[in-house]
Amino acid sequence: MLSVNNIEVIYNSVILVLRGVSFEVKPGQVVSLLGPNGAGKSTTLKAISGLLREELGEITRGHITWNDERINGKPAEEIVRKGVIQVIEGRPLFQHLSVEENLHTGAMSYEGGRQYKQDLEMVYHYFPRLKDLRKRVSGYLSGGEGQMLVIGRALMGHPKLIMLDEPSLGLAPMLVKEIFRIIKEIKEQSDLSVLLVEQNARAALELADYGYVMENGRIVLDGPAAQLRGNEDIKDFYLSLNNSGDRKD
């Protein structure tokens, strides 16, 4: 479905960020990208979604294919219409618009919003809290409510692949658990594929089918999520557990 082939990304024609990154996401699969801050995870998502050019970045080597069609170099809006939608880190919203108006903007990328009412009910099914808040100005939402809204807005565009960048960032543990439960429900009830960038490795590997670990712009480890959860290096550096299973000091 999605194939990233040996891509290299440079910012400002000087800064090399990605160094030969390759991976794939199969239909209906949840794939997690793990790694420390600065590893290149968000840059990888922006390379796929076409947002690199907004930050003076470019793919200088390799290619990205979506359903056997090469998409690197295409405008971000065209990639969205193909069903590849990124939920950007930090929960960016049209803060002067209401919750429902934000959802309406997401619907416009799919057949001009013809299925708006039907899609709205779908989002409210997954996120009933948004229905209660539908008239509220989105700038006054909490962090958890804002995260629900940006995911809901992406779903309004009928994605075939949704890319989530740090959905748990800044949220309380109970909210993180709820967000990941909803993502799992959405995935199970549709043919949606998910590419997840997440610092919370424990939550990411519980949700994912397959995982890749990035460091310094490279893929350094990959495998089925269950296998990565049992990997001692992953436990040590990302799950903060020692050999006895206790949390490290």
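Predicted model: local features only at pLDDT ≥ 70, side-chain atom pairs only at ≥ 80, totals over all residues.
Helix α3 spans residues 99–107, and helix α4 spans residues 116–126. Their axes come within 10 Å. The crossing angle is roughly 120 degrees. Angles of 65 to 115 degrees count as roughly perpendicular, and only those over 145 as roughly antiparallel. The angle between these helices therefore makes α3 oblique to α4. The handedness of the crossing is right-handed.

Residues from both helices form the contact. From α3 come Glu-100, Leu-103, His-104 and Ala-107. They meet Tyr-116, Leu-120, Val-123 and Tyr-124 of α4. Sorted by class, the contact of α3 with α4 holds six nonpolar residues, one polar residue and one charged residue. Glu counts as charged, and Glu-100 lies on the α3 side of the contact.

The model has one cavity of 30 Å³ or more. The largest cavity holds about 40 Å³ of space. Its lining is made up of Ile-151, Leu-155, Ile-162, Leu-164, Ile-183, Ile-186, Leu-192 and Val-194. Three elements each supply at least two residues of this lining: α6 (143–155), β7 (161–165) and α7 (173–188). By class, the lining has eight nonpolar residues.

Definitions and conventions. Residues numbered from 1 in each chain as written. Heavy atoms only, no water. Axes fitted to C-alpha atoms, helices over the stretch in contact; angles between N-to-C directions. Helix = DSSP H or I, 4+ residues; strand = E, 2+ residues; numbered from the N terminus. Parallel < 35°, antiparallel > 145°, perpendicular 65-115°, else oblique. Left-handed = near helix turned anticlockwise from the far one by under 90°. Contact = heavy atoms within 4.5 Å. 1 Å grid on protein atoms, 1.4 Å probe; cavity = no way out; pocket = protein on both sides within 12 Å on 5 of 7 lines; lining within 4 Å. Points joined across faces, edges and corners; volume = space filled by probe spheres on them.
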